[in-house]
Amino acid sequence: MSDGARLAISLGDPNGIGPEIAIKALAALPEAERDRFTLFGPGAALHGTAEQLGLGYMVQGLRHHEAGTLDSAFAPGLVDAEAGASAVASATAAIRAVQAGAFDAVIACPHHETAIARAGVAFSGYPSLVARACEQPADSVFLMLVGGGLRIVHVTLHESVQTALNRLSADLIVRATLAGVSACKRLGLGAPRIGMFGINPHASEGELFGPEDALMTVPAVKELRSAGHLVGDPAGADTLLAERKADLYVAIFHDQGHIPVKLLAPNAASALSIGGSVLLSSVGHGSAMDIAGRGVASPQALLRTISLLSGTAVASKD
């Protein structure tokens, strides 16, 4: 964290563990480091959580930007439309602050999908929010999980497998891969070796299990190779992960990428929204409503994310 990257931290769902892990993470840092961070979210959740943790004195010295409304009582653990809308508003305000040049990157604490849906807000994860805020196409921003020694970019994310298949194309696979390569450069890895997961088991076993890989992953690999990227033939995700020869893996579907990272780095992964003009990372776990307000949530994933972005955010304006 020697480069002094300025980071905006949105509190996520104020009724979840976001406020708790944000406060705990900053409390774990040297006091001199805390001026680099500003917390975005409703003050009621921030100060209510601080009092529960016995850290009210520390929070008084933190930079805070009021964002997201919480007119009803602060209620840890409650899945609530107002709290869902607040999570989106807080993250959006943090993104706008980066666009204005006040910060280098955003760290977004966990949101709750159902709470946001109840608020009537169109949302399918932080990548879609980054795309919308940056006025980019929704399919130009992708999710990359980093944890357990793995870097996995996802071509599709929060949608049914059928919906994902219907919009899947060689071009989309290429764009996701290139976003992953650019993110690796921001993380200090200039020419990553790329492992391409197949769409079907065994990457379709020579079309034995269907034509999808021949139509999409194989042409994508050819295009990437022609551009000079180090990418192997499409193969089954199980085979590629067992070999562990790649620096970056390309997952076609949500579970292909999430399962291995969460198995190897439970509650300790970083989730980067990449491909947008603003770099945003969340953590690889949810809002944990079942333990919200109990003071037992671990800030380790958030601390790892802070460390990850602190070493890369300033250099990421390429």
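Buried means under 20% relative accessible area, exposed over 50% and partly exposed in between, with a 1.4 Å probe and protein chains only. The model is predicted: local features need pLDDT of at least 70, side-chain atom pairs count only at pLDDT 80 or more, and totals for chains, interfaces and linings use all residues. Residues are numbered from 1 along each chain as its sequence is written, and side-chain values use heavy atoms, with hydrogens and water left out.

**View A. Buried residues of helix 12.** Helices (H or I, at least four residues) and strands (E, at least two) are DSSP runs, numbered from the N terminus. In helix 12 (residues 254-264), the buried residues are Gln256, Gly257, His258, Pro260 and Val261. They pack against strand 5 (142-147), strand 6 (150-154), helix 11 (237-243) and strand 9 (248-251). Contact means heavy atoms within 4.5 Å.

**View B. Helix 1 against helix 2.** Two packed helices are described by the angle between their axes and the distance between the axes. Axes are lines fitted to C-alpha atoms, for helices over the stretch in contact, and angles run from 0 to 180 degrees between N-to-C directions. Helix 1 (residues 18-28) and helix 2 (residues 43-53) have axes 9 Å apart and pack at an angle of about 65°. Helix 1 is therefore roughly perpendicular to helix 2; angles under 35 degrees count as roughly parallel, over 145 as roughly antiparallel, 65 to 115 as roughly perpendicular and the rest as oblique. From helix 1, Pro19, Glu20, Ile23 and Lys24 meet Ala45, Leu46, Thr49, Ala50 and Leu53 of helix 2. By class, this contact of helix 1 with helix 2 has 6 nonpolar, 1 polar and 2 charged residues. Ala, Val, Leu, Ile, Met, Phe, Trp, Tyr, Cys and Pro count as nonpolar, Asp, Glu, Lys and Arg as charged, and the others, Gly among them, as polar.

**View C. Helix 4 against helix 6.** The axes of helix 4 (residues 81-99) and helix 6 (residues 126-133) come within 10 Å and cross at roughly 50°, so the two helices are oblique to each other. Their crossing is right-handed. Val88, Ala91, Thr92, Ile95, Arg96 and Gln99 of helix 4 meet Tyr126, Leu129, Val130 and Ala133 of helix 6.

**View D. Aromatic pairs.** Rings of Phe, Tyr and Trp (its six-membered ring) pair if their centres lie within 6.5 Å; planes under 30 degrees apart count as stacked, over 60 as edge-to-face and the rest as tilted. The count comes to 3 aromatic pairs. One of them, phenylalanine 40 with phenylalanine 103, is edge-to-face, at 5.8 Å centre to centre and 75° between the planes. Phenylalanine 40 lies in strand 2 (residues 37-41) and phenylalanine 103 in the loop between helix 4 and strand 4 (105-108), so the pair ties together parts 63 residues apart in sequence. Both phenylalanine 40 and phenylalanine 103 are buried.

**View E. Surroundings of serine 10.** Serine 10 is in strand 1 (residues 7-10) and is buried, at 0% relative accessibility. Leaving aside neighbours within four places in sequence, serine 10 is in contact with Phe40, Ser90, Ala91, Ala94, Ile107, Ala108 and Cys109.

Key: Left-handed = near helix turned anticlockwise from the far one by under 90°.
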